[in-house]
Amino acid sequence: MAKGTRDITNLILNVARDVRKEIGTDVASEFTQRRRWPISCTVGPGLEGAIACLSKVGYVDGSHGLLVYRGYDIFDLCARSTFEEVTYLLLKGRLPSARQLNSFKKKLAAYRKAPSTLRLLMGFPVENMNTMAALRLGANLKRQEFTYIDRESARPDVSSAISTDEDSIPMETPPRGEPHAIYEFDRKQYHARNIRRDRLAGPSGFDSCCHLIAGIPTIAAAISRLRRGEMPIEPDPDLSHAANYMYMLTGKRPSPLDERIMDVALILHADHGMNASTFATLVVASTLSDIYISVGSGIAALSGPLHGGANEEVLRQLRRIGDASNADEWCKKTLARKHKVFGFGHRVYKTYDPRARVLKPLVAYLAKTHPEAKPLLKTAEALEEAVVSTLGAEKGIYPNVDFYSGLIYTCMGLPTDMFTSTFAVARVSGWTARVLEYLEMNRIFRPRALYVGPLNKEYVPIEQR
Ligand code: ACO
């Protein structure tokens, strides 16, 4: 292992040791217990506190600041694993053997090339489009790589899925819980169909998930190059997932250090509970729409500045602040105007986001060899101090994953308008893993709204208004 990459591992292990000392290891909570439907929970606006489903994919402990994928804590995975292995873990539920990992990597390498998708994509004015809008389009176009026959034969069999229209159920009827959900989708029939689907390279099974996970980086990199008037670059079959993404984006094979840091960043962003983009993906998949369209919806949800779009806003914000000495004053003014500071706060974490804990020392490490990033890092540190001293204890507002990721990508030569797409390159693993899991017991998502408008209004013909 080269010295730089060994240093990265040690930095992460140090973070892990400090966190474990701070919070201990016994962090099981009421949210890690299996429960039977119907589940009682207190729901706030924005579905805060609502439980959408049971899942074994991953767990976010917001009060301790812990993130777990399939039982493994994120620090261990960042220190010891790779994005390919973590993706296999998320999709399959277990770490692969060496042989399984090798064949998984071969599958990704085969799916990484996307010539027909790129040809279709280049028919659109990508250079003038929002990068996430173009990526969403690319995800949908990728579906066209399958033949018409594949697409039709792999369609889910809708005859065994019974959708519900909750409006046909009186408001006073309480949720009926699991028996109703089983009625919703026949489990035996599903499994029989799912096995068939797995064998097909069609648009709803495991292979399609791999097809998207491998293809999204190729599409994102091509979008970046087209926006800069350059032609897309073909993936290199000898490079890892992280290295290939950087190579296709920048045209340069990354150093082992940059590859390792990108790999860690991808692992950190791969999954994160029932966040907005994962939920959007699941909602669309729950209608038995296919995985390409579902992932397209995840990309759309991720693009917003309150979610994945925040990493781009953070960089713009740091550039606006200009110098570390302005951070305190800028923060006071921003909060006085009741504006949000990008890169801070989280719906679930009311403590330091573990992903930001890992990224922060990595930025400091990278800045040693990237002097141009030092002023930005100093401004970021000063801003963190200003925000945390004002809102940390009072409102539980600390840096989130987006605060330091942009600085890392800047050091590695990624253009700012590709930060959110880079988030999508990683999160597609979590989206697809959760869809595969959810479809095993699918029930269409259908919350309801409380109607607070008027009733019994009398219709007035237009000529009398
Ligand atoms: N800056 C200043 N104040 C904040 C911030 C922030 N970044 N985040 C929350 N607050 C304050 C709110 O003003 C509110 O104060 P109030 O109670 O006095 O009205 C309180 O904290 C609660 O904030 P909400 O917006 O209600 O919290 P919510 O859970 O709905 O939102 C969110 C979470 C969207 C992430 C929010 O913290 C935010 O907008 N942050 C900035 C954008 C950002 O960095 N997003 C990336 C999140 S990580 C990710 O999606 C990958």
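Contact here means heavy atoms within 4.5 Å. All views come from a predicted model.

**View 1. Helices α18 and α19 run roughly antiparallel to each other.** Helix α18 covers residues 374-395, and helix α19 covers residues 401-411. Their axes come within 11 Å and cross at roughly 175°. Angles over 145 degrees count as roughly antiparallel, so α18 and α19 fall in that class. Which residues of the two helices meet? On the α18 side they are L376, L377, A380, E381, L383 and E384. On the α19 side they are F403, Y404 and L407.

**View 2. Helices α10 and α11 run roughly parallel.** Helix α10 spans residues 206-227, and helix α11 spans residues 241-250. The two axes come within 8 Å and cross at roughly 20°. Angles under 35 degrees count as roughly parallel, so this crossing makes α10 roughly parallel to α11. The crossing of α10 and α11 is right-handed. From α10, the contact uses I213, A214, P217, T218, A220, A221, S224 and R225. From α11, it uses H241, Y245, M248, L249 and T250.

**View 3. F279 and F445 form an edge-to-face aromatic pair.** A pair of aromatic rings is described by the distance of the centres and the angle of the planes. The model has eight aromatic pairs. In the pair of F279 and F445, the ring centres are 5.2 Å apart and the planes make an angle of 75°. Where do the two partners lie? F279 is in helix α13 (residues 276-285), while F445 is in the segment after α20 (419-439). The pair therefore ties together parts that are 166 residues apart in sequence. F279 is partly exposed, with a relative accessible area of 21%. F445 has 15% relative accessibility and counts as buried, because the limit for buried is under 20%.

**View 4. Y438 stacks with F445.** Here the centres are 4.8 Å apart, with 15° between the planes. Are these two residues buried or exposed? Both Y438 and F445 are buried.

**View 5. Y88, F104 and F206 form a cluster linked by ring pairs.**

**View 6. R253 places its charged end over the ring of Y247.** How far is this charged end from the ring centre? For R253 and Y247 the distance is 4.3 Å.

Technical notes: Residues numbered from 1 in each chain as written. Predicted model: local features only at pLDDT ≥ 70, side-chain atom pairs only at ≥ 80, totals over all residues. Heavy atoms only, no water. Phe/Tyr/Trp six-rings, centres within 6.5 Å; stacked < 30°, edge-to-face > 60°. Helix = DSSP H or I, 4+ residues; strand = E, 2+ residues; numbered from the N terminus. Buried < 20%, exposed > 50% of the residue type's maximum accessible area, 1.4 Å probe, protein only. Lys NZ or Arg CZ within 6 Å of the ring centre and 35° of its normal. Axes fitted to C-alpha atoms, helices over the stretch in contact; angles between N-to-C directions. Parallel < 35°, antiparallel > 145°, perpendicular 65-115°, else oblique. Left-handed = near helix turned anticlockwise from the far one by under 90°.
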